[in-house]
Amino acid sequence: MCDHNALHALFGGTFDPIHYGHLRPVEAMAAMAGLQKVTLLPNNVPPHRPQPEATPAQRADMIGLAIADNPLFDLDLREMQRDTPSYTIDTLAAVRAERGARQPLAFIIGQDSLLNLHKWHRWQDILSLCHLLVCQRPGYSSAMETAELQSWLSSHQTDSPDELRHVPAGRVFMAPTPLVAISATEIRARRHRGESDADLLPPSVSAYIDREGLYRNPERHDILRR
C-alpha cells in the first residue's frame, strides 16, 4: 500500500560509472525536499548522449554496489530493458500508472537540464505526472531562455517541501545542493591514463572497475587484443 504523504523521487542517468557527483547532491536534495526514497533509473540507450562504455549489466552492478549500504536509494532497471531510446515521459507515465494518481512523485534533474527542458520529448506533459526537483548549479543562468518559459517556471515553482508531499505532481522545487565537480568523463579519462579515481566514487565501485577491466586506455586495449 502506498503512503500518500511519502515523497518518492526518480533520478535517471547513464551512470557510466556511478560516482559521488551523482550520489551526494541527490542525498542533499533528499534532505531538503523530505524524500523517503530515490529510485535510480539507468538508461539503456540515452537519446542525446554517446553510448556507454560499460555494458548495461556492468552499470547495474556498479549502481548496486554504490547504494548497497544506503537505504535512501533503490534501483529500477526498466529503461535498461528497452532497446529504444529512453524518454523520460514514457518512464514517468509507467511509474505513475503503477503508483496511482495520488502518490506524490518527483523527478530529480540538474539546473542545466531545467534550462534545456523545452527540448525534451513531450516536455509539456512532465509536470502532469510528477514534480521536478532541480539541483541548482553555480555558473548556470537562473533564467529560462524565453519570457514564455520563464512564466511557465514561475507558475509552477514552490519553495515548500510540504507542498510537494500534499499534491501528487505539478511543482518545481529548486534547491542549493552542493556542487560536486566530478564527471563520469573525468573518471574514464583517469582510467585511460592509468590514474587513481579513489576520491571520485565509492571504493566498491572502483574495485569492480578493476576486476572487470573497464575504462582502459583504448589504444592499449586494442594492442592487448591483437
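Start with the loop between β1 (7–13) and α1 (20–33) of this predicted model. Select P17, which is found in that loop. Most peptide bonds are trans.

Next, go to the loop between α4 (111–115) and β5 (131–135) and select R122. Look at its backbone: phi of R122 is near 50°, a positive value in a residue other than glycine. Most residues other than glycine have a negative phi. Is R122 buried, exposed or partly exposed? R122 has a relative accessible area of 43%, so R122 counts as partly exposed.

Continue to helix α7, residues 184–193. Select A184, I187, R188, R190, R191 and H192; these residues of α7 are buried. An α-helix has 3.6 residues a turn, so residues three or four places apart point the same way. Keep that spacing in mind while viewing A184, I187 and R188, which are among the buried residues of α7.

The last stop is Y215, found in the loop between α8 (203–212) and α9 (218–225). Phi of Y215 is near 60°, which is positive in a residue other than glycine. How does the relative accessible area class Y215, buried or exposed? The value for Y215 is 3%, and under 20% means buried, so Y215 is buried.

Definitions and conventions:
Residues are numbered from 1 along each chain as its sequence is written. This is a predicted model: local features need pLDDT of at least 70, side-chain atom pairs count only at pLDDT 80 or more; totals for chains, interfaces and linings use all residues. Side-chain values use heavy atoms; hydrogens and water are left out. Helices (H or I, at least four residues) and strands (E, at least two) are DSSP runs, numbered from the N terminus. Buried means under 20% relative accessible area, exposed over 50%, partly exposed in between (1.4 Å probe, protein chains only).
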